[in-house]
Amino acid sequence: MKIPLSWLKEHTPIQKSVEVIADTLVRLGHEVEGIETPRSAVKGVRVGHILSMEKHPDADKLHLLSIDVGEVEPLAIVCGASNMGVGDKIPVATVGTSLPNGLKIKKGKIRGQASFGMCCSEAELGLAEDADGLLILPKDAPVGDEVGTYLALEEAVFDLDITPNRGDCMSMRGIARDLAADQGLPLIEPSDEAVQVTESVSAPNVRVLGEGDCPLYTACRIDGIKVAASPDWLQARLLAAGLRPIHGVVDVINYTMLDLGQPMHAFDADTLSGDIEVRLAKDGETFVALDGREVSLDASDLVIADAEKVIALAGIMGSDQTGVSESTTQIILESAAFKAAKISTSRRTKGLVSDSSMRFERGVDPAMIRVAMNQASQMIISLFGGKVSETTCVGDAEAVIQDKHIQVSMQRIEARLGVDVPESANDVLERMGFSIVRDDSQADTLLFSVPSHRHDVSIVEDISEEYARVIGFDAIPAVMPPLASIKPRKVQKTVESAVEQGFVQVINYAFIAADDQRLFVPDDGRDLVLANPISDAMSVMRRSVFPSLLNTAKYNMNRQQTGVALVELGRVYEGPMSQRKEINVMAWLMAGELQTDAWYEKARKADFFDMKGAVETWLTGRGLTARFMVDDDVQGFQSGQTAKIFVGKSVVGHVGKVDEAIASQYDLDTNVFVASVNLDLLHAGKQAKFQPLPEFPSIERDLVFLFDKTIASESILQAVRKACGPSLVDAHIFDLYDGQGVPDGQVSLGIRFVLQHAKRTLTQEDSDQAMQAVIEAMKTHFEAVLRG
Amino acid sequence: MSELDALKVALKTLQDKALDEFSNAESLQALQVLRVSYLGKKGELTSVLKGVGKLPPKERPVIGQFVNASKQTLSESLEKREACLALKEKQVRIEAERIDVTLSGRTSSKGSLHPVQQGLNEMTAIFSQLGFDIAEGPEIEDEFHNFDALNIPQEHPARAMHDTFFFHPDGDEKANLLRTHTSPVQIRTMKACVDAGGEPPLAVVATGRVYRCDYDVTHSPMFHQVEVFKVDKNISLAHLKGVLQHFLSAYFEKDVPIRLRPHYFPFTEPSAEVDIACVFCHQKGCRVCKGSGWIEVLGSGMIHPNVLKSVGIDSTVYSGFAFGLGVERLVMLKYGIPDLRLFFENDVRFLRRMGA
């Protein structure tokens, strides 16, 4: 909402600076989003007094003036105008001044005569489009003063963000009321003088069906008007407030709305047939709105209709056909109250927004219905002629402006605000229109009457907000609340530990393209699809993090990265909606070089075991042990390089190589490895328990066998553990070789054993025995041959 | 010349020769050879001693002393030379082992937490210290939790201000949507407490992703919020201000002046928007604060009685404050990040630089 200062001043005599007014508005809850200064009065234009005036010796149309501008010496100025005389006060642009039209005033010679400034017209000061001669100032204008200051030319337009609860502040009067109340200034009441009514003009007949939605409807008829463009001052005001002038009648209506907050409408009376009816639309009824759009109505819409057709969507927009044009001679003026919720529904379902609907939705002061009607019809007849009928009024004009009453315990208010409320706050609230009566029977209780313009105030807490605004939040102390309790909580590092391993955490949107979803998830109807996505690329809730990670990898590899290691902590979403699940997951991606070449080590490309190792380390960090098993049937993964991850008995995720065709869809020409773990399936993990350190030394033994290549190392190690018995502390594969000397289809695996006994030092025989058991087990289970 | 004198002269000559050779020895190894050749069992000095037998017994001790003194001299000289050579050799070795210590160390490439995650961690840590519990809630919400229970009825103009993502209706179910703020967690947490037969005090911080159907330079369709609320007897606006002041100063790691401005939110009454003194210009006025010296950071207020009512908490007994903030916004302000989109482009160069 744009509020020109000059307009505001018509409602309250505020003299404060623009900055102070802006600060006050902010403190009262009207956020100032910007301050425009369309007329930041020209500096350097002073009030001049013409001391003498002679004809220019060499030019008929020029005059030589001697002008007192309050300096020691009068200025000699050559002037082309002729509407002035000796003794007149005129605006003089002194040397160095820049005028709004871009002209910079310099010393000069005109036809041989020196000139030290310029006498100005209204146009040259930017006050009018064009002008005939100089602006002659009043006789008492103080010589030498800045004309801008003297004429109060400074204009500022406050751009306010009016909150949706303050419909009453969507007008000059509304803002002025808050300001005036706060500053202790009077609010200037609009003229209450009734417009001259002509009996011969017949008032419109109005029927209101369903008065719940339209508690008050007033209308009058004005005959014999001649629509013209509205006067400059009015157009200028509308422009300053951000509205485009249309033509006289519409401009007056808009002006009244901006001035008083009451939206009105004007119909061309000649386009109407029969009585006016306020009713719900019939299903299937249509009308063409003023903006040219055809709208299909239904029974939820409140409309204004005549005997034949819908002439307006109530409170929102009139029909194109019945609108006032420049050829209109008779009009019906409407000023009414409509139920906010009704307007809101139609605005939303029909997609029509107007300055009128914005106000009705937020609440309009019904007390202005009559005042606005008076002001608008008075302006119309004085500007465009015509005769006004009586105003038809349907509904209880008194009832709609009935005050609400709220009983307020000051103790509760003060407890809620955390500060004592000073008595002076009540004065401000009374100036805002509240009336406050002390209840003698209850010491700390006040009885509030809420004025009709404050739709937003209905309970005690609303009153507490009024007090907070008036006292100012700055006056409220900052106090720490008492500490209630601190519940013990285990801090679980999730993504943090992956980051410690060198992964870069990324955060991607939770919605992806349906096509991307299909790469890793079958089309089984369990996608959750947005009805109003930003784009197709962001239209389904992701069921896999991999498409997002692949996109991120692509983005970075396209930006000269030679490798990426990414991790994302987030959710995946699975339908159907009625059984929807949001699953917390961690997902990793590795592609390309793990490190750049360094003097001590050449770069190496990530492989399956880098990815698997990262997941293993991460799980170990949580006190969990994972097992991995071949899974050749995971969508989007390359079989033979993919495993499912077991923690306990459940599969918590997968690790593997992304199918090459998919990787190349993301422009990734290197191997891409990914993993994901369902965090909701992970149990808490074991807490480390103290164990005494071993007292006796351990023995390390190595055995190397030839195995068939198809045997999984995991099953070999399982058999090893079983064969070795309880003295085995660790067994792991320390060497793998399938090069020269190893028969085709076989692989040489070196297994390192660490044996240790808790109660005694192991002997050579002990370890020999264990190794012998292993050798035999390998032979029986796997037909493995001991090498060398 | 007596036999004795001749022996003395021979010994002296031998000693001088040995000393000379010792001082000319250029390596520990050569020195070792000299030691053996002079002082060893078959060494020259020993062989000189063999001549002692020819002397009269009376003179033997004299030459014995002489020989011992010579032995002593030679040993000392040897040790001296040995130490000197050892030092020299060590210096040579050290010089040979000289490396370029300015070469980079063996590092592994560092990962990084996403700046938003870092912000979330820092913020929740501050509230944890203040005794706030940490809660989470679903991102796919219904209209009741996202709007109705928060005192935003269907026709409320504020509802239109939330550009909501809706889901395709699934049968005849209620409309489902992506939550537009973390405030539904307020409702869920309070309701869960009441349903379990509990009652306030409640102090909760809830974090998570939220969604708005708005996508341009300053809007991301997904962003993160932190929601904080406390419900107890006698909770006041002053408490809200106290917690805000503490939180904002703790987060920005300095005393930040704050300003509360009256505002409107359907779920709080009174409501306030909270500004901090511009962190870029220290209130001198700059482009970021549009010359005002203040930067809006969050919305707050006293929980509306209708909200408490919707979860079954008696607003005549309990009151509470609540506020919600955009994590990205605060992170941008703290680290001077100019563009919201950087957070979701996930350029690892940005993430590595900004991430902890």
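User: Is B:Cys213 buried, partly exposed or exposed?
Analyst: The model is predicted, so local features need pLDDT of at least 70 and side-chain atom pairs count only at pLDDT 80 or more, while totals for chains, interfaces and linings use all residues. Residues are numbered from 1 along each chain as its sequence is written, chains are lettered from A and ligands numbered from 1 in the order in which they are written, and side-chain values use heavy atoms, with hydrogens and water left out. Buried means under 20% relative accessible area and exposed over 50%, with partly exposed in between (1.4 Å probe, protein chains only). The relative accessible area of B:Cys213 is 25%, so B:Cys213 is partly exposed.

User: Is A:Cys120 buried or exposed, and which cysteine sulfur is nearest to that of A:Cys120?
Analyst: A disulfide is a pair of cysteine sulfur atoms within 2.5 Å, and the structure holds 0 of them over all chains. A:Cys120 is accordingly in no disulfide. Its relative accessibility is 0%, so A:Cys120 counts as buried. The nearest cysteine sulfur lies 7.3 Å away and belongs to A:Cys119.

User: How much area do chain A and chain B bury between them?
Analyst: Contact means heavy atoms within 4.5 Å, and it takes 86 residues from chain A and 90 residues from chain B. Buried area is the accessible area (1.4 Å probe) that two parts lose on being put together, summed over both. Carbon and sulfur atoms carry 58% of the total, which is about 7500 Å².

User: Which residues of chain A lose the most area to chain B?
Analyst: Three residues together account for 11% of what the chain A side buries. They are A:Arg416, A:Phe473 and A:Ile507.

User: How many salt bridges are there between chain A and chain B?
Analyst: A salt bridge is a side-chain nitrogen of Lys or Arg within 4 Å of a carboxyl oxygen of Asp or Glu. One of them joins A:Arg571 and B:Glu136, at 3.5 Å from N to O. The count between the two chains is 4.

User: What is the distance between the centres of domain 1 and domain 2 of chain B?
Analyst: Domain bounds come from an automatic or database domain assignment. For chain B it gives domain 1 (3–96) and domain 2 (115–354). Taken over C-alpha atoms, their centres are apart by 92 Å.
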